[in-house]
Amino acid sequence: MNTQLKQYPCIDLAKFLLAFVIVGIHTTVFCQFKWLDMGFDVFSRVAVPFFFTASGFFYFRKPITRSNCAKFTKRILILYLIYSAIFIVIRSLLNGQFDLEGLTITLERGIRHLWFLHALLLSTLLATVLMWCIKKAWIAYIIAALCLVIRWSTTTMWPLFADFEFLTPIHTLMQNRLCIGLWNALCFAFPMIMIGHWIAQSESNHSKKYNIIATILSFLLLGSETYVSSAILHTDSRIIYLSFVPFVYFAMRLCQKIQWPQNTAATQFMRKTSTLIYCIHPAFILTLGTYFAPGLGQFAVVSVCALLFGILVYLGSRYRLGWWLKYLQ
């Protein structure tokens, strides 16, 4: 399917809004309001899977070439190194000594939220290699599905599968600090990336109404799955949900169906700054956290700071002297 030149402003908008959902996760935005917090807990779980799926979609709608792979790798690696350096410096200043632990975590899996970039890079490279080597997408889909189910059964639904002795070594290995980065890439990011590949390489004949209904039903399924894992099974590690798959699929299809003028200043800004807001906002949590307690206040302050930072970087990158700012976006 030739979609290389086509743009999807609704996907840009969704990523932009979900970046603030992630800010809400890290600032526990509704911690003072029990029912709102419970509802947000369900909704917030779709943010990272959507980011992974959208990244896979935009990557695989272009030809799988060494050049495109190299450009993607360079971009994500630079983002990862720059923001890792920012956090190591901030943590070092706050602790009064060099943050050796932060450097170690960067090499293993990524500081705090930066595990996303670490997992995104590894999983996309894995998907690319599979497409090059086997040239049969359905095999890669099966591998991705198996990875997702394995981690789902050994984390979120572990109480149901704890009696299966052959899964115990896998469950133990997933708790190993040195292996978490690889598990995040293989069993979380990779399945979502492959959903993005599926969407990029196929057409959907379903109407907008169909996708809306399917997205809502998928979200209700996610709510049910969350309830079972938390209220009934009392699982400690609730990471993966199988209902991620239908939700992000139909949500992405819906975003494809919704159209408005492309390449406006607003859509370009959202396209450029969603990842930036995702990456930079914990820096403001670290520096301002002592002044604002977790909750709505901290969420508002951190969101405004991250947005203003994004605006400054976006505008500055458009000038010749600010060319280097593009590496923050």
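Me: What covers the buried residues of helix 4?
Reply: The cover includes helix 3 (47-60), helix 5 (100-108), helix 6 (115-133) and helix 13 (265-288). Helices here are DSSP runs (H or I, at least four residues), numbered from the N terminus. Mind that this is a predicted model, where local features need pLDDT of at least 70, side-chain atom pairs count only at pLDDT 80 or more, and totals for chains, interfaces and linings use all residues. Residues are numbered from 1 along each chain as its sequence is written, and side-chain values use heavy atoms, with hydrogens and water left out.

Me: What is the reach of helix 4 set against its expected span?
Reply: Helix 4 (residues 66-95) has 30 residues and reaches 42 Å from its first C-alpha to its last, close to the expected 44 Å. That expected span is 1.5 Å times one less than the number of residues.

Me: Why is T28 called partly exposed?
Reply: Its relative accessible area is 36%, so T28 is partly exposed. The cut-offs: buried is under 20% relative accessible area, exposed is over 50%, and partly exposed is in between (1.4 Å probe, protein chains only). T28 sits in the loop between helix 1 (9-26) and helix 2 (34-44), and its phi is positive, near 40°.

Me: And why does R112 count as partly exposed?
Reply: R112 has 40% relative accessibility, so it counts as partly exposed. R112 is in the loop between helix 5 and helix 6, with a positive phi near 50°.

Me: Which residues is F50 in contact with, leaving aside neighbours within four places in sequence?
Reply: Among them are I11, L18, V248 and M252; contact means heavy atoms within 4.5 Å.

Definitions and conventions. Helices (H or I, at least four residues) and strands (E, at least two) are DSSP runs, numbered from the N terminus.
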